[in-house]
Amino acid sequence: MSRLRDLGVATESFTRGRPFIDSRGALRGQWDAVNTVYWLAGSIRPATAAEDPAQGIADRHALQMLLDAIERERPDIRVVTAGSGGTVYDARQPAPYDEESPVSPANAYGAAMWELEQLVSSARDSAILRVANAYGPGQVARRGQGVVAHWMSNIAAGREVQLIGSEQVARDYVYVDDVVGALVRVHLQRSNVPQVINIGSGRPTTLGELLRLIEDVVAPTSVSVRREPGRSFDAASTWLDVSLAASTLDWRPTVELRDGLARTWRHVRIADRHPVGNEPEQRS
């Protein structure tokens, strides 16, 4: 992670091509000085979790292997993961949701993310960041996820955007740099870190408001909108209470939504990343 390296913290990354354990199930590489592991390797998405439950099973299996290896070799390591603040809380309860709000996953994706949370919480030292709807430069417009990425890539390519469901459905949009800042804080603060922490903007933004902000940010580029009915896996209006992160981690979101959207649009234009793909749907 570049933010940690900028602070002088040595980091090492593992991927599916470079796994974290060797053929014997032991931790790969030098772990003597490691005190934090970030599990950010999930492959499931809201639109595909119900269609392909095998992905969730594979994620749980890989995470369990990591936790088993840590328990055997370095049980003092803190395990940190990013959960879903938008889909695990009980939407029958009024928002905003704090960390003590009832949990009742809204869809198969939320259920899968909740199961990953339960695994991580079994570690001796763990922190689960329930992240709201993260967005920002570099986000890929994938089916069922990332309304900002979808809309901006479509606008840049001269395609219409889809507004799926009611304009009044509200979400909590948090800029990627603020999420990274929270992840860094959890590493740097070695004591009094809550096991579950909400990370978001702390305020609701309706799809209609988001659309108007994006239209303003991309002007004079025109925006053509096609409205579609809601989908079964979409959650109801959700946003998070982030006061616990402020009081325990001294973390607060710093990037206002319009500024974050402007930064994201500049990235889309400069990088000329206008993925077409065959999956035009998006999730807020």
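1. Helices and strands here are DSSP runs, numbered from the N terminus: a helix is H or I with at least four residues, and a strand is E with at least two. By that count the protein chain has eight helices and ten strands. Before you read on, note that this is a predicted model, where local features need pLDDT of at least 70 and side-chain atom pairs count only at pLDDT 80 or more, while totals for chains, interfaces and linings use all residues. Residues are numbered from 1 along each chain as its sequence is written, and side-chain values use heavy atoms, with hydrogens and water left out.

2. Let's start with the overall shape. The C-alpha atoms of the protein chain fill a box of roughly 55 × 40 × 40 Å along the principal axes. The radius of gyration (taken over C-alpha atoms; the globule rule is 2.2 Å times the number of residues to the power 0.38) is 19 Å, which agrees with the value near 19 Å for a compact globule of 284 residues. Buried residues make up 46% of the 284, where buried means under 20% relative accessible area, exposed means over 50%, and partly exposed is in between (1.4 Å probe, protein chains only). How much of the contact count comes from residues 24 or more positions apart? They account for 82% of the contacts with a separation of 6 or more, a contact being heavy atoms within 4.5 Å.

3. Four strands make an open sheet in the order 1-2-3-8, with parallel pairing; two strands pair if DSSP finds at least two bridges between them. Strand 1 (36–39) and strand 8 (196–199) are at the edges with a single partner strand each, so one side of each has no neighbour in the sheet. From one strand to the next, the twist averages 25 degrees. As background, strands of a sheet pair through backbone hydrogen bonds, either parallel or antiparallel.

4. Strand 2 (residues 78–84) pairs with strand 3 (residues 125–131) in the parallel sense over seven bridges, and Val80 stands opposite Ala127 in strand 3. With strand 1, the parallel pairing of strand 2 runs over four bridges; there, Thr36 has Arg78 of strand 2 as its bridge partner. Is strand 2 enclosed or open? Six of its seven residues are buried, so strand 2 is largely enclosed by the rest of the structure.

5. Helix 2 lies across strand 1 and strand 2, at about 175 degrees to strand 1. Helix 3 touches strand 2 and strand 3, and its direction makes about 165 degrees with that of strand 2. For these angles, axes are lines fitted to C-alpha atoms (for helices, over the stretch in contact), and the angles run from 0 to 180 degrees between N-to-C directions.

6. The two helices also meet each other. Helix 2 (residues 53–73) and helix 3 (residues 108–120) pack at about 10 degrees, with their axes 10 Å apart. That makes helix 2 roughly parallel to helix 3 (angles under 35 degrees count as roughly parallel, over 145 as roughly antiparallel, 65 to 115 as roughly perpendicular and the rest as oblique). Helix 2 brings Asp59, Arg60, Leu63, Gln64 and Leu67 to the contact, and helix 3 brings Glu115, Leu116, Leu119 and Val120. By class, that is five nonpolar, one polar and three charged residues. Here Ala, Val, Leu, Ile, Met, Phe, Trp, Tyr, Cys and Pro count as nonpolar, Asp, Glu, Lys and Arg as charged, and the others, Gly among them, as polar.

7. Arg74 is buried, with a relative accessible area of 14%. Leaving aside neighbours within four places in sequence, Arg74 is in contact with Trp31, Asp32, Ala33, Val34 and Ala69.

8. Most residues other than glycine have a negative phi, and most peptide bonds are trans. Yet the bond from Ala95 to Pro96 is cis, with omega near 5 degrees, and Pro96 is in the loop between strand 2 and helix 3. The bond from Ala219 to Pro220 is cis too, with omega near 10 degrees; Pro220 lies in the loop between helix 6 (207–218) and strand 10 (225–228). Asn192, though not a glycine, has a positive phi of about 60 degrees, and at 68% relative accessibility Asn192 counts as exposed.
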